[in-house]
Number of protein chains: 2
Amino acid sequence: MTKKWVYLASEGNKDMRDLLGGKGAGLAEMTNAGLPVPPSFTITTEACLAYFKEGKQFPAGMWEQVQEAMRKLEEQTGKGFGDPKNPLLVSVRSGARVSMPGMMDTVLNVGLNSETLKGLAELSNNERFAYDAYRRLIAMFGRIVKGLKGELFEHKLDEYKAKTKGGRDTDLTVDMLKEIVRDFKEIYRQNLGEEFPEDVWEQIRQAICAVFDSWFGPNAVTYRRHHKLSDEWGTAVNICTMVFGNMGEDSGTGVAFTRNPNTGENELYGEYLQNAQGEDVVAGIRTPMRIAELERVNPEIYRQFTEVARMLERHYRDMQDVEFTVERGKLWILQTRSGKRTARAAIKIAVDMANEGLITQEEAVARVTPEEVDVMLHPMFDPEAKRAAQERGDMIAVGLNASPGAATGIAVFDAKRAADKAEAGANVILVRPETSPDDVGGMLVSKGVLTQHGGATSHAAVVARGNNLPCVAGCEAITVDPDAACFTIGSRVVREGDTISIDGTTGEVFIGSIPTIDVDLAREVELATLLRWADGIRRLGVYCNADYPQDAARGRAFGAEGIGLCRTEHMFFEADRRPAVVSMILAKTDEERQKYLDQILPFQRADFEGIFKAMDGLPVIIRLLDAPMHEFLPSKESLIEEVTRLRCTGENPEELKKKEQLLETVEAMSEINPMMGLRSVRANIIKSGIAEMQVRAIIQAGCRQAKRGVDVHAEIMIPLVSHVNELKHQYEVVRKVAAEVMREEGVEIDYKFGTMIETPRGALTANQLAEYAEFFSFGTNDLTQMTFGFSRDDAEGKFLLQYVERKILPVNPFQSLDQEGVGQLVEHAVKGGKATRPDIELGICGEHGGDPDSIDFFHRVGLDYVSCSPYRVPVARLAAAQAELRHRGRNG
Amino acid sequence: MTKKWVYLASEGNKDMRDLLGGKGAGLAEMTNAGLPVPPSFTITTEACLAYFKEGKQFPAGMWEQVQEAMRKLEEQTGKGFGDPKNPLLVSVRSGARVSMPGMMDTVLNVGLNSETLKGLAELSNNERFAYDAYRRLIAMFGRIVKGLKGELFEHKLDEYKAKTKGGRDTDLTVDMLKEIVRDFKEIYRQNLGEEFPEDVWEQIRQAICAVFDSWFGPNAVTYRRHHKLSDEWGTAVNICTMVFGNMGEDSGTGVAFTRNPNTGENELYGEYLQNAQGEDVVAGIRTPMRIAELERVNPEIYRQFTEVARMLERHYRDMQDVEFTVERGKLWILQTRSGKRTARAAIKIAVDMANEGLITQEEAVARVTPEEVDVMLHPMFDPEAKRAAQERGDMIAVGLNASPGAATGIAVFDAKRAADKAEAGANVILVRPETSPDDVGGMLVSKGVLTQHGGATSHAAVVARGNNLPCVAGCEAITVDPDAACFTIGSRVVREGDTISIDGTTGEVFIGSIPTIDVDLAREVELATLLRWADGIRRLGVYCNADYPQDAARGRAFGAEGIGLCRTEHMFFEADRRPAVVSMILAKTDEERQKYLDQILPFQRADFEGIFKAMDGLPVIIRLLDAPMHEFLPSKESLIEEVTRLRCTGENPEELKKKEQLLETVEAMSEINPMMGLRSVRANIIKSGIAEMQVRAIIQAGCRQAKRGVDVHAEIMIPLVSHVNELKHQYEVVRKVAAEVMREEGVEIDYKFGTMIETPRGALTANQLAEYAEFFSFGTNDLTQMTFGFSRDDAEGKFLLQYVERKILPVNPFQSLDQEGVGQLVEHAVKGGKATRPDIELGICGEHGGDPDSIDFFHRVGLDYVSCSPYRVPVARLAAAQAELRHRGRNG
């Protein structure tokens, strides 16, 4: 028995990609799902390999099997291949196991010759259509099968088009097309020294050979080399019945989504054009009808299509983007694939489908991307208002969607002026050719940023994303002239002060104002449902970073299960306590310092009381002072300037003396590399009193709230530890002060002692740290800085973005955890911590806590929770659930 | 048979510390070595434990064994215990397995009573001596055995002394001593309600009980708790025959070293006092003779002692510090121990002994400490001149020997003035109450530093050691008044400009100048020999860090086998190339930058040619530019000051404009944490041309020297790599340029490509780096900085020294490698590098390369070489050999 080289669509399925290629397997799958797919069959990849093995000869039996399969197509369609009355036409196309651009295109209309041409003309009642199909076959065959240059045919066509009024394909008359067919055949003969084959079997045989040969065509080989794909796979050949939508009023063609891709509503969404081929829709000759109208125009077709849409969704278990043709009242599905959709639609569709029982809740959770959830959390334009603006023609450009969210404000072209106007109360959109570190101040006070140059990792994009600021970058259509304070697009000029609107989620730029709407999780029913399902799946806890009660409340509303990082620096910066803070830093003796610390204490206590109240029942992890002291003092540079000026003018000797003294102090405190200097736990050890004050404030706040019935879970966290003895020192301080305060307050509260892991040495000696620490919180920002030796402040402006652009780094390690390097330290510390203290609580509070890839890593290494900014909490909830789903099989 | 509770000295040996205690084992060892040791025996620690177990009763048979042993002592000495004619006297003392201060002292003269007293007086022909011995026994017994307060006896003694003219012990007359004996007995009776025991057996019995009881005395218990020693050890009791050097002209006492402890010469060195007890030497009544004189005075004793000294050295295989007594012509060795010696002596003795066959060469190498070698390498005072200064009384104080070396210069009390005077050509000794980071500039230009306060880890000590600068710290005897520009000691005042001399090796401070001598390894025959032996033992190579040909030559003279780190920054700083360097940095375009790089190239090439020539045949590892660019520009602070001044005065608008532009550039380049910013490999990637120029200069230099017959081994090293792609980028640059240059020069040279491992991420991903790097060099300075998150510049001034003082850190990790933390990264990188490239060359070029503890670690983890400053090379050679000896057994 000869080998089986040919499979009818009904004989295959989607798992036979290796043998039938991706396209062949897809056709088989659709066919067997009972979908109305034009009959087809596939010649296997094995046949292709055998063809080459035998010196470009069809392997024994293959041709016979092709002929047999063609007979089946004839039976299924009631047409005859080469039959002048009712001709069967087919397409021939390649299909490897993975899609490979650069391989052979499709040859359509195989089976047309001077005889069958007539049959087609009669059947379609459209001579023009038949000749058009024929001239296309000759050109395609010449080009794709025979390797002629496409220009040979195109130039000829252009000659004819030039003779028409409109100059377009559609302006060609039937007579012209007849002449073109004649001329094309002439071109074919002259260039190839042979006639275009009248024999339809010869057409198909040569087309098959051409597909096989294309496997070793230069484009395909280059593609495979580049993508490291094997030469040993071979390509399949798909032969598929042609169907035509231009066979009369009961024919037509359309494209439709099975659900609304904008809103996710469960309704058909798309367009239909009667008595037309797909290419006519593209050519835009006539306006198609909305798919809903089809119900009125052709209820039967509409009914058929509705049913098929249901079948498609049931079969593929997702919203489908469908190309279809109706040939004389019969619906044919040409192609179907999962449809692109907006974030909102993605969420609604996933949740609806789960509710409909089409997919499981876990599948719904797996299917929505964290980015889609993220988009939902940013302000967006009111959809109606945005549509109206588009219709008015106010949308002037589309750039790169660099940081999501929508914003409206006045255009300002200079960072300093942006800061001034923002301070004066204006909503500002900063517009720059590109941004640099000098612009950061202006960016942070703006509502949004628009740049002419720069990609997704440009300075503007990175800073904007890091600060939750809408940004459209690389909008090359506009020309920004910061000196003239305007930008131009075409003849249009937008000047400083003009109102513009940008949508960082889509990259759109508008003239004028568009109202935005904020997310309200309570009203986003589907999102809330999806996140609830995610909560049921995930193992990782999700906390938020919050320094103020209002942040804590927002985080909680977004689903945070605790505060993973409460920074205490901000409390030192607030205006009402600043004088005491400065005096405390300038204090010459321990006693003097203590005096000012006593003044700061009540402020800190009040801050903590507010946070404990907001997080009633949930853990609150408070980090002791981390910033270097000199951050609270004026800058050395400004003091040098002032002192020099006062010296020159001799104006105010008293002021001069005061400033000189302050400068001396600031100079004594200044550091060459402050990030690695006297700050954090080091300062809290060297300068006694500060940690004591903070612990006192925390425990007092806890005790007092506890007395009012709040369920307090305080966790005191020591930052920047690199040696166990630092932790031991702070452990003793905390234990002593806490015991003292609880005795004074007459109440005990639940509190824990722990440490950040944010120096490489802390990670390397985590086993020792766990002797004192009941919990670790990975500070992956600092850990990344020190592991790479990158100061983020300097690196992002000076080389990091270039590194990412030039692919020296695969990603910005401050956005997504460097699992290869920093990740080793995290894993090492997890193991070390657990070895010493098996029930140690492990979390991460760096920016990576909101990054899905990083969350996946943290899930894998066995952390207990991630903590991120309140707005990222929903994203983290989803990402944590997806991590669990992704690795569930591997663990079980 | 009862257990053996008592061991005669002849029955024990040095390995029986657990049973006989340290002292008992030592006595046994000396006895069995045939040394003339006063006969003795030891009651075991087991007896002590049994004593407590049985409720403070001697275990069965012990007392009988003590009596038996006493009979043996009587036989050996020909004396009788309690014999009024020829009394045997003994000492009774405790002795645990480790020396324990706080346990019982010795009781001397046990066996004296009113009868034997007379025999002793007659035998010694010295009634005064006998009564003096008796009153001492009564007081010691009362105090140590019976727990009476010492003052009871001392006050009485003082009363009698007050009656004499001189007021000293030795002024007491025989009659007075008789009265004192009577009064002491009275005190004893009144306070204890019993008589001082006349029965000599009762004396010894009680003394033994007292030694046992002292094991649980409060001092001993406290000591054991603190040092975590076991209560279960018990103490032994040593009973030893008393010998007396004051029995006539044929008696005497002395202290001697078996070799000269200053020079190491093989000659007896010490003092002898005829007809005297050891305490008389201490009391300083008479001037002792030098031991050499003994040969003349008493040739027989001298002969005996010379022979014993030889025996001692043969037995203990080291130079001994011996206490001895001659009793009526018979030499007794009371104590012997390894003698303290100068560094010079230590080296000479070790080498001589090996040459004499007393010890092996390996033992000689193991016995000299790296510190001793280090001391030899610093300038030292001419020994004659120093002795003369001491004799003149010019030595005014001794402080802490904080950093070795000797220096002479004028005292200056302010860092700024020190810098000025040094610039004017003066040799300056900076004298400060203590130093701070502000003083560093002044320190570095001084010849030495003297401080009143601060320990071995004080700022002054650390900076001085780091810069090879002699330093005496914590010299509390002097009072430094920087405002008055002087220091005082007693009534003496040393003012600014006065010449002083300090010896940082010993801590001595002198008035006036003392000439210093430099080390010349060629003349230090023993040191050279020892190092040659060390070279034969060590596995680690020893390279030196050198930036200039003269450093390279010095390192080579000290035995360096290559250059482990040639920094190229210095070449950029030299005056003749500075303008081109500055222009290169300020260049606005790649082309402009290239122009200036082309100007710098010949300078760099000349530098490298010099170094290759100096290191003919040895490897030279050259690090590409590492410093941040802005280090070559004026400081931001100075520019702000200047610009502000020029603006105020309005004087020179042109200059203002120039400075403003420069300030703008400097501000744009300035970084918050420059150590972790755009420098090193990062700058060499971002700013194209620099690495290319350096590689070109290196390879050109190599080729040209090779053509002149020099054997060139260049190794090009990339600094600060944290990601393999950085290394890959530089790899391609180096390979390309090197190939180009060698083609141009028409000669091939041997060169390698490698990387520093100095970021934690570099260490963590070493397996990847080894794909490009043929060698790793650990930059443990930066690696320590980033692993701890300590900026050394800031940390050492601001908290690190406090950390070490407060024991938060066990050592300064910049001096001795943090094996627990940073060491993990080094080990990880060694494993990773070898896994990828088994023959990878591994070295270390951080400061730790000269630290013996760190060298031991580098030996253990399997590096190939260490590299250190030229002056540390001999130290490293010895330390490397010792590491091999220390771990040889464990590896084999």
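In the predicted model, the interface between the two chains brings 58 residues of chain B into contact with 58 residues of chain A. Between them, chain B and chain A bury about 5100 Å², and 58% of this area lies on carbon and sulfur atoms. On the side of chain B, the residues that lose the most area to chain A are M676(B), R761(B) and K798(B), which together account for 13% of what that side buries.

Between chain B and chain A, 45 residue pairs are in polar contact, counted where both residues have a pLDDT of 80 or more. The side of chain B that touches chain A receives two or more residues from each of eight helices, which are listed here with their residue ranges: α25 (636–649), α26 (653–669), α27 (680–686), α29 (724–745), α30 (760–764), α32 (780–788), α33 (792–805) and α34 (822–836) of chain B. Among these elements, α25(B) gives the most to that side, with 8 residues. By residue class, the side of chain B that touches chain A divides into 23 nonpolar, 20 polar and 15 charged residues. Across the interface of chain B and chain A, 6 salt bridges are found. A salt bridge is formed by E820(A) and R761(B), whose closest N and O atoms are 3.3 Å apart; R761(B) is also one of the residues of chain B that lose the most area to chain A.

The largest nonpolar core comprises 296 residues, and the residues with the most contacts inside this core are I699(A) and I699(B). When residues up to four places away in sequence are not counted, I699(A) touches I716(A), A738(A), V741(A), M742(A), I749(A) and Y751(A).

D439(B) is found in the loop between β15 (428–432) and α18 (440–445) of chain B. With a relative accessible area of 6%, which is under the 20% cut-off, D439(B) is therefore classed as buried. Apart from residues up to four places away in sequence, D439(B) touches A415(B), L430(B), R432(B) and E434(B).

V375(B), by comparison, is found in helix α15 of chain B, which spans residues 370–377. V375(B) counts as partly exposed because its relative accessibility is 22%, a value between the cut-offs of 20% and 50%. The contacts of V375(B), leaving aside its neighbours within four places in sequence, are with A343(B), M380(B) and T505(B). V375(B) and S403(B), which are 28 residues apart in sequence, are 9.5 Å apart in space from C-alpha to C-alpha.

Positive phi values in residues other than glycine are found at two loop positions of chain B, N275(B) and A485(B). For N275(B), phi is near 45 degrees, and this residue is placed in the loop between β7 (269–274) and α10 (278–283) of chain B. N275(B) has a relative accessibility of 25% and so counts as partly exposed. For A485(B), phi is near 55 degrees, and the residue lies in the loop between β18 (479–481) and β19 (486–489) of chain B. The relative accessible area of A485(B) is 16%, and A485(B) is therefore buried, whereas N275(B) is partly exposed.

How values were computed:
Residues numbered from 1 in each chain as written. Chains lettered and ligands numbered in written order. Predicted model: local features only at pLDDT ≥ 70, side-chain atom pairs only at ≥ 80, totals over all residues. Heavy atoms only, no water. Contact = heavy atoms within 4.5 Å. Buried area = accessible area lost by both parts, 1.4 Å probe. Salt bridge = Lys/Arg side-chain N within 4 Å of Asp/Glu carboxyl O. Polar contact = N/O pair within 3.5 Å; in protein donor to acceptor, adjacent residues only side chain to side chain. Helix = DSSP H or I, 4+ residues; strand = E, 2+ residues; numbered from the N terminus. Nonpolar A, V, L, I, M, F, W, Y, C, P; charged D, E, K, R; others polar. Core = buried A, V, L, I, M, F, W, Y, C linked by side-chain atoms within 4.5 Å. Buried < 20%, exposed > 50% of the residue type's maximum accessible area, 1.4 Å probe, protein only.
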